[in-house]
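Hi,

Here is the structure I promised to pass on.

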Amino acid sequence: MDYKKNIDKVLYDRDILAARVVEVGRQIRADYAGKDLVAVTVLKGAFVFAADLIRAIDLPMAVDFAEIISYGEGTEIAEEVVLTKDVAVNVKGRDVLIVEDIVDTGLTTAFLVDHLRIRDPRSIQICALLYKPAMQRVEVPLRYVCFEVGDVFAVGYGLDYAGQYRNLPDIVTLKEIPPEE
Ligand code: IMP
């Protein structure tokens with residue numbers, strides 16, 4: 001199948017994304033001036049967003065990654081959340097900013113917050129590219145949100161369906177969810 005033929009609607013095109021990410025990066029810069037910022041990007045979905053966001057934060061900062069896999073394939077709600085790659089930097093006494101692709105139920109983000117809190121950072125805040133308020137099951141305080149979305153399944157700009165579509169420059173919805181291979 002031509003994967004682009006399966007695109008339904010463009011939710012946020014590359015220009016809107018670029019402008020909003022710069023805006024949020026500036027807010028973060030203002031809030032974190034003089035702090036010891038460590039951006040923890042959640043793989044895989046947030047890697048494209050994070051690449052743009054960190055370049056919009058004109059401050060000294062460390063960058064690290066955590067990978068979390070949530071089971072419940074495809075568009076289903078995750079029933080199990082597993083950390084498959086931990087952060088390597090020492091976050092003790094530092095100001096951690098978690099960079100998330102999408103906060104849906106909130107389970108993945110809540111899991112990472114709990115995991116990092118044990119390491120005694122000075123602060124933990126969350127920056128999400130997308131937030132689905134209607135879907136939230138656990139409370140996670142989101143300091144920065146680029147866009148709030150309804151109950152849609154979004155792909156592109158790092159977000160996938162079954163491992164595909166991460167390379168699309170725009171965030172889109174799909175006409176049909178293709179069968180998994
Ligand atoms: P949670 O339900 O907040 O724990 O979200 C778990 C993960 O599911 C997110 O980090 C995304 O990787 C993925 N996810 C949730 N909604 C979408 C979506 O609309 N498109 C792509 N991935 C999604």
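Glu 67 sits in strand β3, residues 61-71 (helices, H or I of at least four residues, and strands, E of at least two, are DSSP runs numbered from the N terminus). Before going further: this is a predicted model, so local features need pLDDT of at least 70 and side-chain atom pairs count only at pLDDT 80 or more, while totals for chains, interfaces and linings use all residues. Residues are numbered from 1 along each chain as its sequence is written, and side-chain values use heavy atoms, with hydrogens and water left out.

Back to Glu 67. This residue counts as buried because its relative accessible area is 17% (buried means under 20%, exposed over 50%, partly exposed in between, with a 1.4 Å probe and protein chains only). The side chain of Glu 67 makes a polar contact of 3.1 Å with the side chain of Lys 44. By polar contact I mean a pair of N or O atoms within 3.5 Å; within protein, one must be able to donate a hydrogen and the other to accept it, and residues adjacent in sequence count only if both atoms are side-chain atoms. Not counting residues up to four places away in sequence, Glu 67 touches Leu 43, Lys 44, Val 82, Leu 83, Thr 84 and Lys 85 (contact means heavy atoms within 4.5 Å). Val 42 is 25 residues from Glu 67 in sequence, yet their C-alpha atoms are 5.6 Å apart.

Lys 44 itself belongs to the loop between β2 and α2, and the peptide bond joining Leu 43 to Lys 44 is cis, with omega about 0°. Most residues other than glycine have a negative phi, and most peptide bonds are trans. On the phi side, two residues are worth a look. Asp 120 has a positive phi near 65° and lies in the loop between α3 and β6; with 43% relative accessible area, Asp 120 is partly exposed. Tyr 157 has a positive phi near 50° and is in the loop between β8 (154-155) and β9 (171-174), but Tyr 157 is buried, at 5% relative accessibility.

Thr 84, one of the contacts of Glu 67, is in strand β4, residues 80-85. Its relative accessibility is 43%, so Thr 84 counts as partly exposed. Beyond its neighbours within four places in sequence, Thr 84 is in contact with Glu 67, Ile 68 and Ile 69.

Now the ligand. Which residues come closest to the ligand? Its surroundings comprise 16 residues, and the closest are Asp 104, Thr 105, Gly 106, Thr 108 and Ala 154 (a residue is near if one of its heavy atoms lies within 4 Å). Ligand oxygen atoms are 2.9 Å from an N or O atom in the side chain of Asp 101, 2.8 Å from a polar backbone atom of Asp 104 and 3.5 Å from a polar backbone atom of Leu 107. Taken alone the ligand exposes 490 Å², of which the protein buries 88% (Shrake-Rupley areas with a 1.4 Å probe; for residues, only the protein chains shown count as cover). β5 (95-103) and α3 (107-117) each supply at least two residues of the shell, and the largest share, 4 residues, comes from β5.

α3 also has a buried side: Thr 108, Thr 109, Ala 110, Leu 112, Val 113, His 115 and Leu 116 are buried. Their cover includes β2, β3, β4, β5 and β6.

Finally, the packing. The largest nonpolar core has 27 residues, and those touching the most other members are Ile 28, Phe 49, Leu 53, Cys 127, Leu 129, Leu 130 and Ile 171. A nonpolar core here is a set of buried Ala, Val, Leu, Ile, Met, Phe, Trp, Tyr and Cys residues joined through side-chain atoms within 4.5 Å. α1 gives the most to this core, with 5 residues. Among the contacts of Cys 127 are Val 24, Ile 28, Phe 49, Leu 53 and Tyr 144. A second, separate core of 22 residues includes Ile 68, Ala 110, Tyr 131 and Val 145.

Cheers
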